[in-house]
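Please view the sequence and the coordinates alongside the text.

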Amino acid sequence: MIDNNKTMQTTFSQPLPQTQTSAVNSSASVRIAYFIMIHHEPEQFIRMFKKIYTRDQFYLIHIDRKANEEVTEMIQGFTIHYPNVYILESMNITSGGFNMVQIELNAMEFLLNVSTKWEYFINLSGEDYPLKSQVIIRKFLTAQNGKNYLFYYDQKFYRPDTLKRIQNHFTELAFKISSFIYKRDFMKDVVPYIGGKWMILTRDTCSFLSNSETVMAFEDFYLHTYLPADSFFQTVLMNTSFHQIIVNDDKRAIINLNALEMNTSPFIFENYLRSNNHLFIRKLKSKDFEELLQYIDENFHSPLPEINDIDKELKNRSDQNN
């Protein structure tokens with residue numbers, strides 16, 4: 001097996017990221033800036049939002065430009081009552097295109113300008129759901145000394161089947177990716193990584209991603225790749241000094257059972273949640289997983305299990321197929 005620490009080179013130099021968030025003292029919990037992307041099912045978003053909302057944190061909402069008018073009006077009408085909730089200017093999100101990365105970068109920049117009083121950035125979709133209360137999530141992040149959480153894999157070694165995404169030049173059109181593609185060389189002295197769209201990042205990391213000229217070179221290249229949202233942030237951070245503070249885990253649980261299996265045997269997934277320290281669960285629809293939702297709500301204020309991050313990194317996550 002390849003030792004990623006040996007094969008990866010710190011190609012670009014910049015100040016070493018801080019290992020602690022300076023705005024937080026030992027007796028306080030970190031504050032979170034949430035970025036939530038919505039394109040349909042506003043009821044799902046509202047149910048989730050009420051679980052993660054506190055008056056001293058920050059919430060930025062993006063409504064896909066393709067969302068119907070009813071969805072947009074419902075979200076805007078709901079969020080107008082919360083002074084610490086903001087609406088990001090809508091972009092059209094093309095499946096497989098760079099706009100998914102651009103909207104994340106826009107969100108980081110927006111939230112950095114909104115306030116200096118947050119220490120962590122978490123992105124969510126409107127279909128996600130928290131597994132633990134904000135008290136528990138903030139306590140967990142406060143204890144992490146400024147770590148970043150996202151999945152990453154050496155793309156050449158673990159996911160060679162995806163290399164065409166970066167070996168070919170793709171062009172994003174208004175609503176699709178152009179069928180005209182051609183081969184090109186990858187970035188010199190950069191190791192490509194792949195993972196997923198979901199992240200928990202420190203403020204320092206977001207500031208680097210938003211303001212560093214180093215990142216612009218990655219943007220220029222990944223602008224013309226396919227599904228860059230699954231690899232852009234991993235490749236940038238793993239090829240800079242930020243690789244030292246990344247934990248290979250996005251803290252999301254993923255349902256890989258269908259609704260019928262879940263309703264007949266909910267304990268299967270309950271055991272999975274009980275043995276992991278996930279903070280959120282992906283795409284949990286209340287109409288499909290009522291018993292699981294009940295279990296989550298009953299354990300919402302229960303402490304996270306003690307799990308070593310390094311031990312967890314060593315486990316092969318077969319459900320992370322991008």
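## Aromatic pairs

The structure holds 28 aromatic pairs, where rings of Phe, Tyr and Trp (its six-membered ring) pair if their centres lie within 6.5 Å, and planes under 30 degrees apart count as stacked, over 60 as edge-to-face and the rest as tilted. This is a predicted model, in which local features need pLDDT of at least 70 and side-chain atom pairs count only at pLDDT 80 or more, while totals for chains, interfaces and linings use all residues. Residues are numbered from 1 along each chain as its sequence is written, and side-chain values use heavy atoms, with hydrogens and water left out.

The rings of F98 and F232 form an edge-to-face pair, at 5.9 Å centre to centre and with 90° between the planes. Because F98 belongs to the loop between β3 (85-88) and α4 and F232 to helix α10, this pair ties together parts that are 134 residues apart in sequence; helices (H or I, at least four residues) and strands (E, at least two) are DSSP runs, numbered from the N terminus. F98 is buried at 4% relative accessibility, and F232 is buried at 0%, where buried means under 20% relative accessible area, exposed over 50% and partly exposed in between (1.4 Å probe, protein chains only).

F170 and Y226 form a tilted pair, 5.5 Å centre to centre with 35° between the planes. F170 lies in the loop between β8 (168-169) and β9 (182-183) and Y226 in the loop between α9 and α10, so parts 56 residues apart in sequence are tied together. F170 is buried, with a relative accessible area of 12%, whereas Y226 is partly exposed at 31%.

## Ring cluster and charges over rings

Ring pairs also link Y34, F45, F49, Y53, Y59, F78, Y82 and F280 into a cluster.

A charge sits over a ring if NZ of Lys or CZ of Arg is within 6 Å of the ring centre and within 35 degrees of the ring normal. K51 lies over the face of F300 at 4.4 Å from the ring centre, and the charged end of R184 sits over the ring of F221, 3.7 Å from its centre.

Leaving aside neighbours within four places in sequence, L237 is in contact (heavy atoms within 4.5 Å) with L150, L201, T205, F208, L209, F242, H243 and I246.
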